Amino acid sequence: MTHPAAIEELMTLVDPGKVLTDPASLDAYGKDWTKHYAPAPSAIVLPKTIEQVQAIVRWANAHRVALVPSGGRTGLSAGAVAANGEVVVAFDNMNRILDFNAFDRTVVCQPGVVTRQLQSYAEAQGLYYPVDFASSGSSQIGGNIGTNAGGIKVIRYGMTRNWVAGLKVVTGKGELLQLNKDLIKNATGYDLRQLFIGAEGTLGFVVEATMRLDRAPRNLTAMVLGTPDFDSIMPVLHAFQGGLDLTAFEFFSDKGLARILARGDVPAPFATDCPFYALLEFEASTEAVANQALATFEHCVEQGWVLDGVMSQSETQLKNLWKLREYLSETISHWTPYKNDISVTVSEVPAFLRDIDAIVAEHYPDYEVVWYGHIGDGNLHLNILKPEHMDKDAFFASCAKVNKWVFEIVERYNGSISAEHGVGMTKRDYLGYSRSAEEIACMKAIKAVFDPNGIMNPGKIFAPE
Ligand SMILES: Cc1cc2nc3c(=O)[nH]c(=O)nc-3n(C[C@H](O)[C@H](O)[C@H](O)COP(=O)(O)OP(=O)(O)OC[C@H]3O[C@@H](n4cnc5c(N)ncnc54)[C@H](O)[C@@H]3O)c2cc1C
């Protein structure tokens, strides 16, 4: 734990009352959405300015105190967890939108701006911030950049990385760097901005971000389609991509749908029971586009790939169809799920899922398995639900045993052990399944450049040595 005298000194670096050490704050700020680790930070510090962040980093280097950057703490890999006496640096007090440039279509954000806040701000300007997911009402731009968040619109708009025009960062040495200066074209060597995106706070703090916006989508329309098996989902994707620019293509299983319907506040999409469902979205900007979607639907039914389907006819129906997918993560969180967030190239998805499914069925016969994910991006979320009676630690230990086999398949398919949630602590022991030893050595060397004393979020991405 950090020495009390050092904490006293930390208090002099920020505004009065902005270092918290009460048990409730330590508990709340010491954890994220994962429930694997018990929170145990020494203190929470809430800076208000970039200069205060720099002062905190210099203090941490002087006292060799580990710092954990903390955003909305909606992370699913324990990237923002402080379980070893670290000091958590939270950005709740740096949550303002600082500037908007209509011509460049850019917004300058402090790191604590909540994702939904940016989305709403963009909407108020008649524009669109397209990175979106179920936790966007709580997650922060700093955290989104830290994880290179993806979500439900990646098939059309890409990940957070695509929307970061420029960054201000405070490195683990306390230097302030302005990266890329918001330029579209900048061929001046290494793009350090990209290194900080997805770095999970291991290189330094994002203290300001210039985010790009897009034009607002026109008449978004969703379809939910029921398929007879998983293999039918991919030809459906192919057929719709042939005629339409999809803004989303998601899937979920019947078990996921059952959990959603059991909530009682979301209507069933249609009466037919199907083992799998695809949710797709497109801009029905003209009648011709809507007709094309219906013709493709009919083609899919004729081919036997789709058993039933529905298309939204109003904003309310659009929202209700999205709830079937968007509410899944939150709904199953009640069963403390063991989560895997894996990806392969889209063409490999069917064979990959078959192989993983066989392993899961063999080793988890007694657990309920809920599949869903951003299938149009090759990203599958495998969720194993904890039986009500089972102890959490015993459950996670039994799931961890099977990880090895799941990740061996991921490696065989040249896939990723984490598509979008990050490595954090939950996947750090498995990094070698996605990255070669040489690559990991380069990554560690890069960390040493920005954070020579290893104060920035130690134990995340890389297992402690
Ligand atoms: C219901 C639900 C649904 C989700 N759906 C998706 C989804 O579809 N796609 C997806 O990608 N993710 C999803 N997530 C995961 C999560 O919301 C994202 O990873 C999000 O980007 C985390 O943002 P946060 O602000 O909560 O970050 P945190 O959890 O607080 O932190 C995440 C990481 O970023 C680092 N960090 C935070 N702030 C900074 C900063 N200022 N500078 C440097 N590093 C920083 C932290 O140290 C940590 O390593 C979901 C989570 C939930 C709970």
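User: Which residue in β18 does K339 stand opposite?
Analyst: In this predicted model, K339 stands opposite N383 in β18.

User: And how do β16 and β18 pair, parallel or antiparallel?
Analyst: Antiparallel, with six bridges between β16 and β18. Strand β18 covers residues 379–385.

User: Is β16 buried or exposed?
Analyst: Buried: six of the six residues in strand β16 (residues 338–343) are buried, so the strand is largely enclosed by the rest of the structure.

User: Which residues sit on which face of it?
Analyst: Y338, N340 and I342 are on one side of β16, and K339, D341 and S343 are on the other. Both faces are covered, and these residues are all buried. That list includes K339, the residue opposite N383.

User: Switching to the ligand. Which residues come nearest?
Analyst: P69, G71, G72, T74 and S135 come nearest, out of 36 residues around the ligand.

User: What does the side chain of T74 do there?
Analyst: An N or O atom in the T74 side chain is 2.6 Å from an oxygen atom of the ligand.

User: What about G79?
Analyst: With G79 the atom is a backbone N or O, and the distance to an oxygen atom of the ligand is 3.2 Å.

User: Which side chain has an N or O atom 3.0 Å from a nitrogen atom of the ligand?
Analyst: That is the side chain of E420.

User: How much of the ligand does the protein cover?
Analyst: On its own the ligand has 980 Å² of accessible area, and the protein covers 97% of that.

User: Which elements give two or more residues to the shell?
Analyst: Those are β3 (67–70), α5 (141–147) and β10 (204–212). The largest share comes from α5, with five residues.

User: You mentioned β10. What does β10 pair with?
Analyst: β10 pairs with β6 in the antiparallel sense, over four bridges. Within that pairing, V107 has M211 in β10 as its bridge partner.

User: Which way do the residues of β6 point?
Analyst: Strand β6 runs over residues 106–109. T106 and V108 point one way, while V107 and C109 point the other way, and all are buried.

User: What is on the β5 side?
Analyst: Strand β5 (residues 97–101) runs antiparallel to β6, and four bridges join the two. D99 stands opposite V108 in β6.

User: How many residues lie between the strands of that hairpin?
Analyst: Four residues lie between β5 and β6 in the hairpin. In that hairpin R105 takes a positive phi, near 55°.

User: Cysteines next. Why does C109 count as buried?
Analyst: C109 counts as buried because its relative accessibility is 0%, and the cut-off for buried is under 20%.

User: And C442? Where does that one fall?
Analyst: C442 counts as partly exposed, because its relative accessibility is 47%.

User: How many disulfides does the structure hold?
Analyst: The structure holds zero disulfides.

User: Back to phi. What is the value for N180?
Analyst: Phi of N180 is near 75°, which is a positive value in a residue other than glycine. N180 is found in the loop between β9 (176–179) and α7 (192–196).

User: And K181? What is phi there?
Analyst: Phi of K181 is near 50°, again positive and again in a residue other than glycine. K181 lies in the loop between β9 and α7.

User: Are those two buried or exposed?
Analyst: N180 counts as buried at 9% relative accessibility, whereas K181 is exposed, with a relative accessible area of 57%.

User: How far apart are T2 and E123?
Analyst: C-alpha to C-alpha they are 44 Å apart in space, and they are 121 residues apart in sequence.

User: Last one: where is G424 found?
Analyst: G424 is found in the loop between α14 (392–412) and α15 (437–450). G424 counts as buried, at 0% relative accessibility. G424 and W405 are 19 residues apart in sequence and, C-alpha to C-alpha, 20 Å apart in space.

How values were computed: Residues numbered from 1 in each chain as written. Predicted model: local features only at pLDDT ≥ 70, side-chain atom pairs only at ≥ 80, totals over all residues. Heavy atoms only, no water. Near = heavy atom within 4 Å. Polar contact = N/O pair within 3.5 Å; in protein donor to acceptor, adjacent residues only side chain to side chain. Areas by Shrake-Rupley, 256 points an atom, 1.4 Å probe, with all protein chains shown as cover. Disulfide = S-S within 2.5 Å. Buried < 20%, exposed > 50% of the residue type's maximum accessible area, 1.4 Å probe, protein only. Pairing = 2+ DSSP bridges.
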